[in-house]
Amino acid sequence: ASYNCLMGSLVSAGHLAEAQEVLEQMERKAVPVDHYTVSIMMKAAKRARSPADAARALAVLDRVPSMDFCGDEVLFNTVLDACTQRQDLERLARVLKTFNSSTARPSVSTYGLLFKAFSLLKRIARCEYLWVEMVETRGMKPNSVALCCMLDAFICARQVEKAVALFREWKTKVTVNTVMYSTLVKGFAAAGEADRAMEMFDELRADGLPMNLVTYTSLIDAHARLGKMEPAKRLFELMEKEGCEPNVITFSALVKGYCTVGDVDEAFSVFFSMLSRGLAADTVIFNSLLDGCVRHSRFKLADELLAEMGRWDVQPSNFTLSIIIKMWGKRQQLDKAFEVVRASLEDERRFLDSQVGTSLISACLFNSRPDRALEVLADMKAWRNSGRPNEVTYGTLISGLVRCGDCRRAVAIAHEACEAASATRRSSSATGAARAALPEDCVKQLFAALRRQGLAEELGTTLVGRLRAARVRVPPCATVAAAS
């Protein structure tokens with residue numbers, strides 16, 4: 001108990017490293033980890049400033065694989081909340097697997113956390129099952145939080161109509177709030193339905209609910225995504241008039257919108273206006289500006305932006321690297337694109353995701369260098385601290401090889417993609433559905449090229465079988481081409 005008291009005090013004071021040292025001392029002295037220890041470390045995980053510190057705190061779950069979390073609802077909720085907040089999918093999946101095999105009868109609050117957790121694992125069907133269990137099987141009435149969590153689960157699964165239907169069903173039975181409307185507005189924004197987002201905005205105001213930052217920002221984003229900058233600008237002005245202070249995310253939406261329509265100068269004007277208010281630039285808004293410069297070939301402006309990156313204390317993300325690689329590809333300076341990747345690989349603190357390698361492959365293909373693109377694919381498998389090639393990587397390379405007229409190597413890469421997908425499926429855990437081996441558009445493009453080159457029968461028949469074995473949806477044009 002004294003160890004737990006000490007750890008609890010340290011975590012409350014923000015001394016997470018010292019709390020971790022106490023936990024290690026417990027282990028050395030063979031003091032068992034109990035429910036209180038786990039609860040304290042979950043609190044540490046939520047308070048951690050860095051992902052690494054959060055991961056170390058969450059690792060306490062690995063030390064108690066047989067602990068019955070479901071028998072203590074408070075502890076279970078604490079663990080769910082920490083894993084969900086930190087998006088630790090592997091540990092979250094393990095905890096939920098235990099829940100699925102238990103006889104626990106969750107409270108309404110716990111159901112809300114379960115909706116969030118299963119949504120994060122992209123298991124919307126499980127969310128729906130639990131909703132029916134709560135409302136119909138057990139006859140429980142959801143509270144505002146539980147309803148909001150279920151709405152958000154539908155929105156994250158891009159099932160906006162189901163979210164709206166659920167909202168309409170329960171609007172007169174549960175106290176609705178601004179967060180629910182904001183969630184629906186966010187869904188319409190992601191779906192590119194700015195008009196319906198505005199209808200929800202009008203309904204919110206008619207219900208006499210106060211607007212909040214998230215709602216305004218989502219509405220601005222809904223219009224900016226479509227390049228409708230005049231209504232986005234009017235919403236921004238209304239937001240300020242009503243005393244709702246915009247944040248960096250609000251400005252990011254405007255910047256991205258202006259970049260989308262090609263008005264890079266106005267995007268920079270909005271950016272500098274944000275800085276003048278004392279708001280700090282973050283990676284997201286920086287990436288939007290940089291991407292706008294590259295998309296519209298404003299390379300001098302991109303160079304100036306990169307030079308100022310350090311002054312604004314912006315840390316490059318993997319998306320930043322991908323944009324820079326794309327820039328050097330467009331400028332036909334492929335060696336500089338490779339240098340960006342080499343320098344990043346030398347930094348042992350950085351993890352490169354598969355998007356970075358895919359961007360380098362794309363840059364090679366843009367410069368008509370399929371040989372170098374194939375070398376990148378081989379190198380990606382050996383890179384340390386990096387994501388392996390995924391379906392987007394393989395699809396990008398295959399499409400590029402097809403454009404270069406090299407169908408034989410494209411088919412060979414398709415076979416490799418199928419094998420990689422099958423291997424991943426065999427070794428995958430319960431962290432979500434397996435991803436497709438190849439994008440369907442890529443498969444269509446490949447078989448159309450085989451037919452044009454008279455190679456459909458020679459190469460297509462075997463490939464169709466391989467794709468089906470890897471559970472890839474084979475479009476009708478593929479089977480027709482292979483049989484011709």
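## Overall size and make-up

The radius of gyration is taken over C-alpha atoms, and the globule rule used here is 2.2 Å times the number of residues to the power 0.38. For 484 residues, that rule puts a compact globule near 23 Å, and the chain has 26 Å, which agrees. Along its principal axes, the C-alpha trace spans about 70 × 55 × 50 Å.

Please keep in mind that this is a predicted model: local features need pLDDT of at least 70 and side-chain atom pairs count only at pLDDT 80 or more, while totals for chains, interfaces and linings use all residues. Residues are numbered from 1 along each chain as its sequence is written, and side-chain values use heavy atoms, with hydrogens and water left out.

## Helices, contacts and surface

The chain has 27 helices and 0 strands. Both are DSSP runs numbered from the N terminus, with at least four residues (H or I) for a helix and at least two (E) for a strand. Contact means heavy atoms within 4.5 Å. Among contacts between residues at least 6 apart in sequence, 63% join residues at least 24 apart.

Of the 484 residues, 49% count as buried. Buried means under 20% relative accessible area, exposed means over 50%, and partly exposed lies in between (1.4 Å probe, protein chains only). The accessible surface comes to about 23,600 Å², and 51% of this belongs to carbon and sulfur atoms; such areas come from the Shrake-Rupley method with a 1.4 Å probe.

## A closer look at helix H21

Helix H21 covers residues 354-366, which makes 13 residues. From its first C-alpha to its last it reaches 18 Å, close to the 18 Å expected at 1.5 Å a residue; the expected span is 1.5 Å times one less than the number of residues.

H21 is mostly covered, with 10 of its 13 residues buried. Among them are Val356, Leu360, Ile361 and Cys364. The buried residues of H21 pack against helix H19 (318-330), helix H20 (334-346), helix H22 (370-380) and helix H23 (391-403).

Most residues other than glycine have a negative phi. Ser368 sits in the loop between H21 and H22, and at 55% relative accessibility Ser368 counts as exposed.

Ser297 also has a positive phi of about 55 degrees although it is not a glycine. Ser297 lies in the loop between helix H17 (283-295) and helix H18 (299-308). With a relative accessible area of 40%, Ser297 is partly exposed.
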